[in-house]
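Subject: the model you asked about

Hi,

Here is the structure, ready to open next to your notes.

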Amino acid sequence: MRSQSVYKVPQGKLLKISVEYNKRNNVIKNIWITGDFFAYPEETIELIEKKLRNTVIDQEQLLEKIRSVITEYHIQFIGVDAEGLTKGILMCKL
Amino acid sequence: MKEQWRLLQTGFNTAFSNMAIDRAILVANSQGKVPPTVRFYGWNPPAISIGYFQSVAEEIDVNACKKLGVDYVRRITGGGAVFHDKEVTYSIVIPETHPAIPKNILKSYGRICNALLQGLKQLGIQGTYAPINDILVDGKKISGNAQTRKVNTVLQHGTILLDVDVDTMFSLLKVPNEKIKDKLIRDVKQRVTSIEHIVGKKIHFEKVEAALKLGFEEEFDIKLIQGILTKEEKTLAIQFEKKCFSTTQWNHRR
């Protein structure tokens, strides 16, 4: 199943996330993170999307995965953060 | 003697060419082939640029753009969708290691926006920098800015509105909820301003260019020397335009 969320990050930017996931076990098949935020280097957003595949839509697991990718690839976000991304993804499930 | 940077006044070009030129300057500067560069430019035809992370389908009414002869292009910088019509656009390209540029990205937005504020002052306009990436006058947005850092080089570009047509802008941009579109347009009209609105008369593109030139010179304590794109930059720009910015693959990648 595929669903979308629009989430305005507090003090930040507008996040629009689209998630395709397995409704039985809530595992992400595919994810598209769009919006008017900034990320450095920009190309790492595709990497985050890729790494989020096969992750369960669960606050703790998402946060852990996103934080580990941010650390590993030295990603700097402006206008959004790991918590904001997690919230946007969780909103897709509601 | 003051440090000399290059000034480019490339006039009006298509969206694809404009984005390609900025990227070509970024590459040339990263290779040490050209000095720090400040560029002023305009858009012909008018165009929408969207941020690197935005989705064309979600942000742009492609059919309305076609009907009105408005181009659209994806930037290499993040940030939001912009309708480029009556405005002066600038870009600055400078090594990340240059002492004028704070290492901290947010601080560097502020530093570069200060140059724009100095420029606006030349026109008798008092503005303020509003993080992350806006400049406000009387609490209303007059300028939006976006920065990328690649190959140890900073590229920041942004707009300074000469005039603004919010109705046309919203006929080209999609809104998340059509039901509240009218209210959104009213809100944006309240929250956006322009140089012509503030000074109450028509202001020429060239006058704003000249004011911004002084703004950059004052803020960075440098001298801007009129220059042209190098042959290599021109060749690169044509390549970027052809292989990237004018392609569906690039513009519709998200």
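Helices (H or I, at least four residues) and strands (E, at least two) are DSSP runs, numbered from the N terminus.

Bear in mind that this is a predicted model, in which local features need pLDDT of at least 70 and side-chain atom pairs count only at pLDDT 80 or more, while totals for chains, interfaces and linings use all residues. Residues are numbered from 1 along each chain as its sequence is written, chains are lettered from A and ligands numbered from 1 in the order in which they are written, and side-chain values use heavy atoms, leaving out hydrogens and water.

**The three-stranded sheet**

Chain B has an open sheet of three strands in the order E4-E3-E5, with mixed pairing. Strands E4 (71–74) and E5 (82–84) of chain B are at the edges with a single partner strand each, so one side of each has no neighbour in the sheet. From one strand to the next, the twist averages 25° (axes are lines fitted to C-alpha atoms, for helices over the stretch in contact, and angles run from 0 to 180 degrees between N-to-C directions). Strand E3 (residues 47–50) of chain B pairs with E4(B) in the parallel sense, over four bridges, and B:Ser49 sits opposite B:Val73 in E4(B). Helix H1 (residues 15–30) of chain B lies across E3 and E4 of chain B, at about 25° to E4(B); contact here means heavy atoms within 4.5 Å.

**Strand E9 and its hairpins**

E8 (residues 134–137) and E9 of chain B run antiparallel, joined by four bridges. They form a hairpin with two residues between them, and B:Asp138 in the turn has a positive phi of about 50°. On the other hand, eight bridges join E9(B) to E10 (residues 153–161) of chain B, again antiparallel. B:Asn145 has B:Gly158 in E10(B) as its bridge partner.

**Where the chains meet**

The contact takes 24 residues from chain B and 19 from chain A. Across this interface the rule finds six salt bridges (a side-chain nitrogen of Lys or Arg within 4 Å of a carboxyl oxygen of Asp or Glu). One of them joins B:Arg254 to A:Glu49, with the closest N and O atoms 2.2 Å apart. E9(B) gives the most to the side of chain B that touches chain A, with six residues.

Cheers

Notes: Pairing = 2+ DSSP bridges.
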